[in-house]
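Have the sequence and the model open side by side for this one. We'll walk through it piece by piece.

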Amino acid sequence: MKRSLYFSPRERIETRSKAEQRWRARRGDTCVDGSFRCIHCSAQVVITPFYAGVLNRNHCPYCLWSRHLDLFNTGDRLCACKAPMRPLGLTMKQSRKKYAREDGGELMLIHACDGCGGVSINRIAADDLAERIYAVYERSLQLDEALDRRLDGQPIRLLVEGDRKLVRRRLFGRAN
């Protein structure tokens, strides 16, 4: 039987999708089995909410690096940048409640994009390593002034030395 040199529309779609799957697998951004490969440390990261405790995960629990994926809202995955995002420090999620305590919010990671320079905050997941999060906080205490000025233009308040007890209490359950 002689095979035609032309593919039917269905064969073209199947061939393209299989080729795209192979290409994504080689690049390491496959998300078929509910996981992705970290852009910084190359660890395999599980994204299922059962393990992570968050619905939209885009950072590694081991090195805490992220990838610039979201453009407008959390989980929209519309950003064209796709560059690595370095963990800069910690902040508290701002509460919309009028009489909320200042230290009553959620502890969050601050990431800065290595590609476009954008700054965003990410929720800390249940399986993130607390020691690594604390190390990011320690490094943030020695940030250069240019980065401090860049954060001043954002509605993000970087946690400082005076917040050490709060950070230790949130991460380890104790303040010492």
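Here is a tour that goes from confidence to the sheet and then to the helices.

This is a predicted model, where local features need pLDDT of at least 70, side-chain atom pairs count only at pLDDT 80 or more, and totals for chains, interfaces and linings use all residues. Residues are numbered from 1 along each chain as its sequence is written, and side-chain values use heavy atoms, with hydrogens and water left out.

The protein averages a pLDDT (the predictor's confidence in each residue, from 0 to 100) of 76, and 71% of the residues score at least 70. Confidence is lowest in helix α1 (residues 9-27), with a mean of 52, and highest in α3, at 93. Helices here are DSSP runs of H or I with at least four residues, strands are E runs of at least two, and both are numbered from the N terminus. Over residues 10-16, pLDDT stays under 50, and the model has two contacts beyond four places in sequence for that stretch; contact means heavy atoms within 4.5 Å.

Now the sheet. Four strands form an open sheet in the order β3-β4-β5-β6, with antiparallel pairing; two strands pair if DSSP finds at least two bridges between them. At the edges sit β3 (66-67) and β6 (119-123), each pairing on one side only. Two bridges join β3 to β4 (residues 84-92), and Ser66 stands opposite Met85 in β4. Five bridges link β5 to β6, with Ala112 opposite Val119 in β6. Their hairpin has five residues between the strands, and Gly117 takes a positive phi near 85 degrees there.

On to the helices. Helix α3 lies across β4 and β5 (107-113), at about 85 degrees to β4. The axes of α3 (residues 130-140) and α5 (residues 164-172) come within 10 Å and cross at roughly 165 degrees. Axes are lines fitted to C-alpha atoms, for helices over the stretch in contact, and angles run from 0 to 180 degrees between N-to-C directions. The two helices are therefore roughly antiparallel, a label for angles over 145 degrees. Among the residues that meet are Ile133 and Tyr137 in α3 and Val167 and Leu171 in α5.

Terms used: Parallel < 35°, antiparallel > 145°, perpendicular 65-115°, else oblique.
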